[in-house]
Amino acid sequence: MKFASMTPNFEVLNVKDTVNFYVDVLGFSVVMAVTESREIVENKFPQDTECVYAFIVKDNVMLAFQRGDALRKDIDLSHQMNIGASVAFYIEVENVDELYVNIAGKISEITEIKNAWYGMREFYFKDINGYLLGFGSKI
């Protein structure tokens, strides 16, 4: 059996704020969004209506964001569940120094960029939902 791809689906409080963060800070593009009425909007994010889900992409990295109540309903969880976990998402980029310079002033919780013992130059930061994102380039 061959796995085709993996797209993490982040549980978030506000899909609009999260999408705007990833588009403005990291340069992602919207593939689709789903409104509360379950209307699918392709290639843009409707700023004037609430959304329960969005799918974004940048190069070969795909991410999804879903409001917590909608996620629990979609996967039929009748009880409250803490979906968040201790996990960091690591994205390899071509030029980590350039990315760091471009976003450092836009992020409040960000590490210094450094060379790691395992051959990567990298930094980490928390997104607006508290998820830990790492970015690195091979040294």
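This report describes the sheets, helices and cores of a predicted model.

Five strands make up an open sheet with mixed pairing, and their order is 1-5-4-2-3. Strand 1 and strand 3 are the edge strands; each has a single partner strand, so one side of each is left without a neighbour in the sheet. From one strand to the next, the twist averages 20°.

Strand 1 (residues 9–12) runs parallel to strand 5, and four bridges join the two. Within this pairing, Asn9 has Ala64 of strand 5 as its bridge partner.

Strand 4 (residues 51–58) has an antiparallel pairing with strand 5 over six bridges. Strand 2 is also joined to strand 4 by six bridges, and these two strands run antiparallel. Tyr53 has a place in both pairings: it stands opposite Gln66 in strand 5, and it is the bridge partner of Val34.

Strand 2 and strand 3 form one, with four residues between them, and Arg38 in its turn has a positive phi of about 70°. Strand 4 and strand 5 form a hairpin with two residues between them, where Asp59 in the turn has a positive phi of about 55°.

## Strand 5 and Arg67

Of the seven residues of strand 5 (residues 61–67), five are buried, so the strand is largely enclosed by the rest of the structure. Arg67 belongs to this strand. Is Arg67 buried or exposed? Arg67 has a relative accessible area of 16%, and because buried means under 20%, this residue counts as buried.

The side chain of Arg67 makes a polar contact of 2.9 Å with the side chain of Glu36. Neighbours within four places in sequence aside, the residues in contact with Arg67 are Val12, Leu13, Val15, Glu36, Glu50, Cys51 and Val52.

## Helix 1

Helix 1 packs on the five-stranded sheet and touches strand 1, strand 2, strand 4 and strand 5. The direction of helix 1 makes about 15° with that of strand 4. The buried residues of helix 1 include Val15, Lys16, Thr18, Val19, Phe21, Tyr22, Val25 and Leu26.

The 12 residues of helix 1 should span 16 Å at 1.5 Å a residue, and this agrees with its end C-alpha atoms, which are 16 Å apart. At the start of the helix, a side-chain oxygen of Asn14 comes to within 3.0 Å of the backbone nitrogen of Lys16. Just after the helix, Gly27 has a positive phi of about 80°.

Strand 7 runs antiparallel to strand 8 (residues 120–126), and two bridges join them. In this pairing, Asn115 stands opposite Arg121 in strand 8.

In soluble globular proteins, nonpolar side chains tend to be buried together. The largest nonpolar core in this model has 29 residues, of which Tyr22, Leu26, Phe123, Phe125 and Phe135 touch the most other members. Two or more residues each come from strand 1, helix 1 (15–26), strand 2 (29–35), strand 4, strand 5, helix 3, strand 8 and strand 9. Helix 1 gives the largest share, six residues. Apart from this core lies another, of six residues, among them Val52, Phe55, Ala64 and Ala70.

Which residues are in contact with Phe123, leaving aside its neighbours within four places in sequence? They are Val96, Leu99, Tyr100, Ile103, Ile110, Thr111, Glu112, Ile113, Leu133, Gly134 and Phe135.

Terms used: Residues are numbered from 1 along each chain as its sequence is written. Side-chain values use heavy atoms; hydrogens and water are left out. Two strands pair if DSSP finds at least two bridges between them. Buried means under 20% relative accessible area, exposed over 50%, partly exposed in between (1.4 Å probe, protein chains only). A nonpolar core is a set of buried Ala, Val, Leu, Ile, Met, Phe, Trp, Tyr and Cys residues joined through side-chain atoms within 4.5 Å. Contact means heavy atoms within 4.5 Å. The expected span of a helix is 1.5 Å times one less than its number of residues. A polar contact is a pair of N or O atoms within 3.5 Å; within protein, one must be able to donate a hydrogen and the other to accept it, and residues adjacent in sequence count only if both atoms are side-chain atoms. Axes are lines fitted to C-alpha atoms, for helices over the stretch in contact, and angles run from 0 to 180 degrees between N-to-C directions.
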